[in-house]
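Let's walk through this model together, starting with confidence and then moving from chain to chain. Keep the 3D view open as you read.

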Amino acid sequence: MKTLRKNGGLLLLALPGIVVLFIFQYVPLYGLLLPFKDYRYDLGILNSPWTGFDNFTYLFNGNSLQRALRNTLSYNFVFIVLGTSISVFVALLFRELGRGGVKVYQTVLFIPYFISWVVAGFAFRALLDMDYGVLNQVLGWFGQEPIMWYNEAKYWPFILIVAAVWKGLGYSAVIYYAALMGIDSEYYEAAKIDGASRFRQAISISVPMIAPIIIMLVILNIGKIFYSDFGLFYNVTLNSSQLYPTTDVIDTFVYRSLIDMGDLGMASAAGFFQSIVGFVLVLLTNYIVRKVNSDNALF
Amino acid sequence: MKETRTKNPKKATDRVIQWIAAGAVLAVALTGCGSGNEGNNWDKASVQPETSANADKPTEIANVSWYMLKPIDTIKNQESVEAEANKMLEAVNAKLHINFIDNAAWEDKMKLMSASGEPYDLVLTSSWTNSISNNVARGAFLPLDDLLQEYGQDILKKVDPRAWDAVTYNGKIMAIPAQSPYSAPVGFVFKKDLADKYNLDFQNIHKLEDLEPFLEQIKANEPGIIPLLTTKKVTAGIVMKEHTDVTKGLKYNENTGKLVWDTDVPEWLDFFRVTNRFYQKGYIAKDAALKTDYTAEAKSGKYAVMRDSGGYTADGSKSTTLYGFPTVEALVGYPIIATGNMTGGATAISKTSPNPKAAMKVLNEVWKNPTLSNTLAYGLADKNYTIESGAGTDHPRVAPKTGAEQTWAIWHNWLGPLWDQWDSNWNSTAALEEMQKNNNEAKTSALLGFNFDAEPVKSEIAQVSAAYTEMASILNTGSMPDFDAFIANMKKRLLEAGLDKVEAEARKQIDAWLSAAK
Amino acid sequence: MNTSTTKRPPVSWGQVFTHLGFIVFCAVSLYPFLVVVGTSFQNEGEIIRKGYSVIPSLLDFSAYKMILHDPTTLIRSYIVTIGTTALGAIAGLWITASYAFAIVRKDFAYRKQLSFYVFFTMLFNGGMVPSYILMVRWLDLKDTIWALVLPMLISGWHVMLMKGFLQSVPDALYESAKIDGAGEFTIFTRIVLPLAKPALATVGLFLLLEHWNDWWLTLLYIENENLMKLQYILIRVLRNMEFLNSAEAMQYGLVKEGQQVPSLGARMAMCVLAAGPMLVVFPFFQRYFVQGLTVGAIKG
């Protein structure tokens, strides 16, 4: 009771969030039973018969998932490492440039965020189209043979990474830029007095100061490491099956598997699998982070 | 059935959750962001909408909802059309409201409504959208046998007797199959100017190989034209004359009664081998496997040969209308009528329907009264269509408004009684008669009425589906470098995915079904 | 008071290169968007024959004409979108910030539990069916404006992000304020909120964008034309076109003579109309991306 009173003020501030989360996130959680049920609409989730792990078997029988699993993990690994470092780098440059140019650049880099993947898929087609695509026209100027981009799986890891950076950079650069803006300017004043170069300031003040948020975002991304942005892998590739060797991810594989049956139990089984693995990985990472510096841990 | 539903054991456990939700709702109300009308919502889950209380009092008007895929985006004067229809429904003391759902939301929404037990009465179901098999397997629909006998006599009179088998699951009728073309003719469509220019004897083209000389001429002499249109999912002129689809990758041989894999069917192999040859000779666009909008591609006029536009007209009028330029048509053949062909459109009654009797009565009126079904389809005279001739008779000819002016449409084969359609440019009476003739003359499958239950092998079906879908776009467009290697690999992939297990299960079910049918 | 930009040499080579780099980068980044704009003015036949292009050979307004033929739907969807976005973003920002403030405080006893409480929802959710049952059958929110706002009020991602930003506020600040007798609410509104302007602007912007871009909630919970959001109308154009061009539509005779089929240009035009307003909003938020008041200034 005493702790409750002592923390009453903060608890009250958190209360709206606690309540909203409870209603809209925790109440529907009984849906986590769905992967283990043979869902009959007329019986409801709770009364449908149990089936153990039947809904999961399509994921693990055969070897179709292997390819998707490998792709998912590789892309997410690259996205985490490359995506984070490019965003931080751009944010640091933004800070260096001061407010003048930043406004324009930030706005322009943010525009792709508004273009849904479906529409972006068409826009990329304008670049990569076999006959009319800009890239093939450029190749033509140099006397090169046109490339059938949508048939050649080997180019796609690169194209998809570019697409992901293109769409996400504006968003994540804003995050790190805002974090940089939150740094107490006294630190920089002190560094200037010590005669530290701007590069030096970036390395020894900016980066360490935003390190906690970088670490946090990385941990959160690790939690999503089995998930992927369906639109990126489905729409940008125009779902060209010749590219699957390098573009098929868990989400697209599951989509293809269930396209006929639309089985809710099997769909939720895939989601459950993705979540539980991510969850374990986050707990693990968080544990390690906490050992190193407890301030940076998520919880 | 209906009576016990409300005392379902599920309710007890649901109540626990209701109480949790109730507490949650209260909490929302306390924090002041509730919607203001949550006062009575925890008794909402016990499914007692207003109408159900009146179920057995015929003097009261029952409200019936009908969920339907929205045929056009520009639907406007729904209230007045419904008012007109409801005048005709006074006889059965019911009021119909049609809930149109956009294409964009339809599949997801219907699945969620059924899965969550939301009350609704009638719904469009079919083999290709809001799948009848999946819904029946999940227990979403009400068996209709008794209701049909009692309130659906006019429906029973008009439905093709063979079609009942297609909607019968475990001996129970689960939906009302619409009248529709069961064996839509398959053919090729040629751009008329090109066919004329090269004196194409199109009437003697009956299979894909026959196209070769023409395609070659086009390729050689018409630089702006792509000889043959195929896309990711659609190919032109394929008819299986001896085989019926059972499930993805598996066919039934009508002559031997054996199950065969697609990859072992000679007709099938030949067709795609020719497609592959055409691709390699440059008769098919190199990026055909990326194309999805078949109709838009066809309409662009840059192809010499296309698939049929959903039927065959000797004078090419059907495809000319749809594709928007002069065309001629060649007939390839008529598919064997199988279960799936008969459920291109059907209407089911939801298990959650508060008033299934009223729903059946409404449906019966729609089938019984052509004025009602045509009003629902075409809308109101003068407002949505004009009468061209025969006003006041049973068979007027009408002209629905088109383009942006069109503010109402429901397709007759979604309502059910297609043969009662008034003559118009949607379907002429002659076209309707042709369809009925085809239905009666076309070969029917020995498996007509058999519905494969995927449940026991759903894990394998899922994997086969993933593998097959991956390879289908390459097959349809012939865009593989080495056909035989591709097929060998396809066989291997399908085997790994467990098509052999699917086959064994299908065999078992078919044998059981055949012996029960005897 | 202290702003970040103090005197520096007018131009340095490093800056010139950085600017050059950004200009090239921005141009590349903008290209697909230009394609979208260009295609929206392109003639339907030309798109299929010649592919998408930035500069159409002749301007064709038919895509816009088709969409704007009946502007009432569009105008209504703008109103619904603006209304739900404003409501959702403001309420959401308050709930997010206050929650994040609590779990960032090291002297808060339930810090870990509540951090986990919110994190858990980032990875696990009950799925569509239970949410649908909750929204439609228990809360009776189908076809209400609340269905578009409430489920998105708070998300784990935004709370965590806010928590990350607030971590840079030194604890000493809270302690001294507490010694001065300030309550938590006062500390939050008087000290944290003004200090964390860049953070609030960022999370506020993200909330705004998420509400603006959302179409899924409309798809699930709205049948009434009058309550549909803008992005949903865009999706509707897209999927309708896909459907009407499909083999099934042809097979079952679902496309009739004279029926309007949205064109390739129409989906691009919708995209322009849907994204346009947000491009105006963005600079407004940038005003707050200035280095916050220094801690010293507050302490003093």
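What pLDDT does chain C average? This is a predicted model, in which local features need pLDDT of at least 70 and side-chain atom pairs count only at pLDDT 80 or more, while totals for chains, interfaces and linings use all residues. Residues are numbered from 1 along each chain as its sequence is written, and chains are lettered from A and ligands numbered from 1 in the order in which they are written. Chain C averages a pLDDT of 86, and 93% of its residues score at least 70; pLDDT is the predictor's confidence in each residue, from 0 to 100. Residues 1-7 of chain C have a pLDDT below 50, and this stretch has nine contacts in the model beyond near neighbours in sequence. Here, two residues are in contact if their C-beta atoms, placed from the backbone, lie within 7 Å. Another stretch of chain C, residues 296-300, also stays under 50, with seven contacts beyond four places in sequence. Helices (H or I, at least four residues) and strands (E, at least two) are DSSP runs, numbered from the N terminus. For the model as a whole, the scores are ipTM 0.92 and pTM 0.89.

Now to the annotated spans. In an unreviewed entry, UniProt lists "transmembrane region" for several stretches of chain A, including residues 202-227 and 264-289. UniProt positions are given in the numbering used here, feature names are shortened, and annotations may be inferred rather than shown by experiment. In the model, residues 264-289 of chain A are 100% helix and 0% strand, with end C-alpha atoms 37 Å apart. Residues 202-227 of chain A are 85% helix and 0% strand, and their end C-alpha atoms are 33 Å apart. For chain C, the UniProt feature (unreviewed entry) covers residues 20-39 and 145-166, among others. The span 20-39 of chain C is 100% helix and 0% strand, its end C-alpha atoms lying 28 Å apart, while residues 145-166 of chain C are 68% helix and 0% strand, with 32 Å between the end C-alpha atoms.

How do chains A and C meet? The contact takes 76 residues from chain A and 82 from chain C. On the side of chain A, α2(A) gives the most, with 11 residues. By class, that side has 51 nonpolar, 17 polar and eight charged residues. Ala, Val, Leu, Ile, Met, Phe, Trp, Tyr, Cys and Pro count as nonpolar, Asp, Glu, Lys and Arg as charged, and the others, Gly among them, as polar.

Chain B has 21 helices and 16 strands. Of its 518 residues, 52% are buried (20 or more other C-beta atoms, placed from the backbone, within 10 Å of the residue's own).

Terms used. A residue is buried if 20 or more other C-beta atoms lie within 10 Å of its own, exposed if 12 or fewer, and partly exposed in between; C-beta atoms are placed from the backbone.
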